[in-house]
Amino acid sequence: MIRTLKTIIVLAVCLAIITPSAALSANAADLKMIKMNLGDVDGNGDITAVDARIALRISAQLESNASEYRLYSADFNQDGSVTAVDARIILRISASLESHPYDKSEAEKMLEKYTEIMNDTKTKKPGFTSINYQNSPKEDIKIHIDQELKDMFKSMTGEDIEESLKEGLEDVEIETREDALKNAVVTAKNSDMNNFPLPGIVKGCTLTDVTAIEDFTTKNLPNGNVLIEFKLIEEKNLKATTDYNKPQSYLASVFDTLSNDMLREEMDKTMKGAFDEALAAMGEYHFDIINNDCTSALEYNPQTNTIVSLKQIIKTTLDMSILDGAITLKQSIYQTTEWFSFK
C-alpha cells in the first residue's frame, strides 16, 4: 500500500497545489458511546424520566441540535433511529420495571472472569498453537477527491485518479487464515509465556476500566464451554507502548499495538520523505491512525476454568487528508491473532 501511494499521490498533490480546497469539519463525542451508556441520554450517570423525555423529543424531531452522544444513547435498541419505542424502554428502566441489558456490574463480572482465565493461563503455562494473519476488505476503502482536481487529472493523464488510487489501496499484501495455518507456531508446555498475549507482559490482561468496553457478551456454547467477547471503544493516534505492563492506552491493555507504530513510521517516512518539496508548497497534510471495533473472544471450560481458545482482531484504519480535504483516503486493515489447541 505504501509503495503504491508514493507513485500515485506525488502527481496528485503536485496538480492539487494550484487547486482550491475545502476545509473539513470534525465531530467529537461528548461522552463515551458504549452500550453501558445507552439510556443515559443527558450523560449524568443515571437513567431517569428526564432521559426518556429527551429521547421522546428526539424521536419527534424537537431536538434538532442533539449531539452525537445523545443520538447514540437515545437509540436504546440500536436500530439506527430514535423512536417512541426507545423512550418507552428508557422510561421503564428508570422506573426499575426493566433491567439494563448492559449493566456496569455485568461488564465488571465479565472482565474479572476474562482476566482470571488469562492470568491463570500465564501461570499454568500450557502448550498451544498460534497463527497471525491480516486482510483489508475492499468495501472498507473510502476515497474522496474534489471534482475540479479529478477533472484536471483526467485531462492531463486520461485516467480516473479516484480509480487509480482505489486500485493502489487494494494492492495490499494479505495472508489468509489457510495460509497462516501452514506456518502455525507451536509452543510447548511449560515454555516461556512472556509474549502471551502481549510482549513482555506479566499478567494476562491489564485492563481494569470497564468504560473502555463498548460492547460485550457472555454466552454458553452448545459444547458446554463459555464464550466471553468484548469490543473496546475507539482510540486515535495512540502513543507507542514500550512496556505493556504499564499500558498508555486501553488498546495496549489487551492488544499488541506494534502494528500501529510501524504504520505511523512508514507513513511519516513516505509523506515527509518522498513528498517534502510538494508538501512544503501545498501546505500541511494530515493522517490519523484509528483503532475501533477491536475485539477479543475468549472461550473457556467452566468445569476446569481453563482456556480453550483466544481470538483477537485489531482493526486499524488509516484516515488521510491532503490539501485540507481536497483528497481524503481511508483504509482499514484487520490483524487477527488466534491461540488454540491448549493442552
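Biologist: Which residues are linked in a network of salt bridges?

Modeller: Glu214, Lys231, Asp293 and Lys315 are linked that way. A salt bridge here is a side-chain nitrogen of Lys or Arg within 4 Å of a carboxyl oxygen of Asp or Glu. Keep in mind that this is a predicted model: local features need pLDDT of at least 70, side-chain atom pairs count only at pLDDT 80 or more, and totals for chains, interfaces and linings use all residues. Residues are numbered from 1 along each chain as its sequence is written, and side-chain values use heavy atoms, with hydrogens and water left out.

Biologist: How many salt bridges does the count come to?

Modeller: Eleven by that rule.

Biologist: Where does Gln78 lie, and what is its phi near?

Modeller: Gln78 is in the loop between helix 3 and helix 4, and its phi is positive, near 55°. Most residues other than glycine have a negative phi, and most peptide bonds are trans.

Biologist: Which residues does a cis peptide bond join?

Modeller: Phe196 and Pro197, with omega about -10°. Pro197 is in the loop between strand 3 (185-187) and strand 4.

Biologist: OK, cores. Which residues touch the most other members of the largest nonpolar core?

Modeller: Of its 34 residues, those are Tyr114, Phe196, Leu207, Ile213, Phe230, Val254 and Leu310. A nonpolar core is a set of buried Ala, Val, Leu, Ile, Met, Phe, Trp, Tyr and Cys residues joined through side-chain atoms within 4.5 Å.

Biologist: Which element gives the most to this core?

Modeller: Helix 5, with six residues. Among the other elements that give two or more are strand 4 (213-220) and strand 9 (306-322).

Biologist: And what is Phe230 in contact with?

Modeller: Leaving aside neighbours within four places in sequence, its contacts (heavy atoms within 4.5 Å) include Met110, Tyr114, Leu207 and Cys294. There's also a second, separate core of 16 residues, which includes Ile141, Phe287, Ile327 and Leu329.

Biologist: Switching to helix 4. Which residues are buried there?

Modeller: In helix 4 (residues 84-94) they are Asp86, Ala87, Ile89, Ile90 and Ile93. Seen down the axis they fall within an arc of 160°, so they line one face of the helix; the arc is that of the directions from the helix axis to the C-beta atoms.

Biologist: What do the buried residues of helix 4 pack against?

Modeller: Helix 2 (49-59) and helix 3 (68-74).

Biologist: One more. Which residue forms a salt bridge with Arg92?

Modeller: Glu98, with the closest N and O atoms 3.0 Å apart. Arg92 is partly exposed, at 27%, and Glu98 is partly exposed too, at 32%.

Terms used. Buried < 20%, exposed > 50% of the residue type's maximum accessible area, 1.4 Å probe, protein only. Helix = DSSP H or I, 4+ residues; strand = E, 2+ residues; numbered from the N terminus.
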